[in-house]
Amino acid sequence: MKKQYIEAHCDGPCGIYDPASARIAAEAVLSMTKKMSDLSTPDSSNSKAMSAYLNTMSRYASIKEQEAKKCKDELLVLWTDFFKPEHLESHPDLHEIFWNAAKLCSACKVEVSIDHATELLEKVKEVHDLFWSVKGRDISWYTAG
Amino acid sequence: MSKYIEFTVKGYSMYPSYTPGETIIFDKITEQNLKLLRENDLVVFNHPFKENIKMFKRIKSLSKDSCFVSGDNPDPTSSFDSHNFGPINKTNILAYKKESLK
């Protein structure tokens, strides 16, 4: 008789998760927020300088918003795809960590707040610690910036 | 015609309860025994997206027409199940086995 097989595979998603993607986006948010805060306003009568200033500020704001959204997307993938109910038993603060991190992404997208951008990176570190603790691996936290 | 059917496991999503190469005898699903399905029963069902692929998981919860299935492996990346594709329709179930968690 021909053997019939049943699949007990992961088969669909690649199964590769890493909070590094969220960390890179959070770092970009902090970097752009600092650049926006540091950019000095030119003399409004100097039209060339004013155009350059507005152009630069717009680009910084656009990148900050994109990266904040990217960070939120990466966090939501970890929260909803990687983590399972059993992880909540060993880490009861799991939902709160992700909730706060996702809320900070939204705040950083809207505001120009170095405090919130710094806090976001700190929250992403909490996610990093939580993720690697669940995986049972000792992966050190580092930043590129 | 036999009321039983034998399948061999591929993959690790049911580890440690079942390992690749293990052969299991299931009851074929009929209109009557479909009503006997309960939480923790093992089920063989058609892959929700791919033709000719049969999947093997455990029922986590049931409703009238569908059930939520998942792998036994505690590593969340090891199982493609209702966490990914949602509850399966009971009409996709081909066979089952009564058993509590090992």
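**Reading helix packing and a chain contact**

Mentor: In this predicted model, the axes of helix 1 (residues 20-38) and helix 2 (residues 47-82) of chain A come within 8 Å and cross at roughly 155 degrees. Axes are lines fitted to C-alpha atoms, for helices over the stretch in contact, and angles run from 0 to 180 degrees between N-to-C directions. Helices (H or I, at least four residues) and strands (E, at least two) are DSSP runs, numbered from the N terminus.

Trainee: How is helix 1 of chain A oriented to helix 2 of chain A, roughly parallel or roughly antiparallel?

Mentor: Angles under 35 degrees count as roughly parallel, over 145 as roughly antiparallel, 65 to 115 as roughly perpendicular and the rest as oblique. The crossing therefore makes helix 1 of chain A roughly antiparallel to helix 2 of chain A.

Trainee: How many residues of chain A are in contact with chain B?

Mentor: There are 17, in contact with 23 residues of chain B. Strand 1 (residues 5-7) of chain A gives the most to that side of chain A, with 3 residues.

Trainee: In which sense do strand 1 of chain A and strand 1 of chain B pair?

Mentor: Strands pair if DSSP finds at least two bridges between them. Here strand 1 of chain A and strand 1 (residues 4-10) of chain B pair in the parallel sense over 3 bridges. Glu7(A) stands opposite Lys10(B).

Technical notes: Residues are numbered from 1 along each chain as its sequence is written. Chains are lettered from A and ligands numbered from 1 in the order in which they are written. This is a predicted model: local features need pLDDT of at least 70, side-chain atom pairs count only at pLDDT 80 or more; totals for chains, interfaces and linings use all residues. Two residues are in contact if their C-beta atoms, placed from the backbone, lie within 7 Å.
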